[in-house]
Amino acid sequence: MARHTKNDILDAAECLFSQNGFSHTSMREITTRAGVNLASVNYHYGSKKNLIQAVFKRYFDQLMPHIDTCLASFEFSKGAQGVEKLLYTLIPPMLELNTVTEHGTANFVKLLGRGYNETQGHLRRFIMTDYGATVRALVTAIQHCLPHVPEEELFWRLHFAIGSFVFSMASSQALTEIAESDFQKHVNISEVIAHLVPFVAQGLAGR
């Protein structure tokens, strides 16, 4: 029963955080949507910050081990093609997030975007404390592909790339509807990502 309650709270919080943002979502709204009282939320999570981190944790716990596996077997090559190859290897782990919740991939990226937009400093600390080794390994892998790009410049390019990814995932439904209306093509989330990868790779490489 307690497990169901925890999942109900997480599902409610994720939905509201994704729609309204972290700052504009109240604990009362979460408890109302989850059908629980505030004492239950405090018992299971203790605070709103802990609840935010728990929403991310169930995605990161699924995603990061798969990224570690991909990086361990990846054969590096330099330039935009190398980055593109690396990013393509990360598509299956990202799509696996759809097994965590319905539309999990898009929801996860929307939440990341909310974290950036609302400068949730505790999230960065949480991610780097619990998953920092994987984050650093991924950045190092990109650096191996782009040894000519200075570290500071790569920082900016990575954040611009993340911005493109967040925007594309947040508007994925609109993009698929436009593609169907204008080009008579039905595309899914994996095809949206596949179109995005070459664009991001070229941007990171600076070509």
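The legends below describe close-up views of a predicted model.

**Figure 1. The largest pocket of the predicted model.** The space in this pocket amounts to about 1,400 Å³. Its lining is made up of 43 residues, and those nearest the centre of the pocket are L112, Y116, V135, L138 and I162. Two or more lining residues come from each of the helices α4 (48–73), α5 (79–95), α6 (104–117), α7 (121–145), α8 (151–170) and α10 (189–205). Helix α7 supplies the largest share of the lining, 12 residues. Sorted by class, the lining of the largest pocket holds 33 nonpolar, seven polar and three charged residues.

**Figure 2. The packing of α4 against α6.** The two helices pack with their axes 11 Å apart and at an angle of about 120°. Helices α4 and α6 are therefore oblique to each other, and their crossing is left-handed. On the α4 side the contact involves V55, F56, Y59, F60 and L63; these residues meet G104, N107, F108, L111 and L112 of α6. The residues of this contact comprise eight nonpolar and two polar ones, with no charged residue. L112 of α6, which takes part in this contact, is also one of the residues nearest the centre of the largest pocket.

**Figure 3. The packing of α5 against α7.** An angle of about 150° separates the directions of α5 and α7, and their axes lie 8 Å apart. The two helices are therefore roughly antiparallel to each other. Helix α5 contributes G79, G82, V83, L86 and L90 to the contact, while α7 contributes L138, A141, I142 and C145. Seven of the contact residues are nonpolar and two are polar, and none is charged. L138 of α7, a member of this contact, is likewise among the residues nearest the centre of the largest pocket.

**Figure 4. The packing of α5 against α10.** The axes of α5 and α10 cross at roughly 150° and come within 8 Å. This crossing angle makes α5 roughly antiparallel to α10. The crossing of the pair is right-handed. From α5, the residues in contact are G79, A80, V83, E84, L87, Y88, I91 and L95. Their partners in α10 are I189, S190, I193, A194, V197, P198, V200, A201, Q202, L204 and A205. By class, the contact of α5 with α10 has 15 nonpolar residues, three polar residues and one charged residue. G79 and V83 of α5 belong to this contact and also to the contact of α5 with α7.

Terms used. Residues numbered from 1 in each chain as written. Predicted model: local features only at pLDDT ≥ 70, side-chain atom pairs only at ≥ 80, totals over all residues. Heavy atoms only, no water. 1 Å grid on protein atoms, 1.4 Å probe; cavity = no way out; pocket = protein on both sides within 12 Å on 5 of 7 lines; lining within 4 Å. Points joined across faces, edges and corners; volume = space filled by probe spheres on them. Helix = DSSP H or I, 4+ residues; strand = E, 2+ residues; numbered from the N terminus. Nonpolar A, V, L, I, M, F, W, Y, C, P; charged D, E, K, R; others polar. Axes fitted to C-alpha atoms, helices over the stretch in contact; angles between N-to-C directions. Parallel < 35°, antiparallel > 145°, perpendicular 65-115°, else oblique. Left-handed = near helix turned anticlockwise from the far one by under 90°. Contact = heavy atoms within 4.5 Å.
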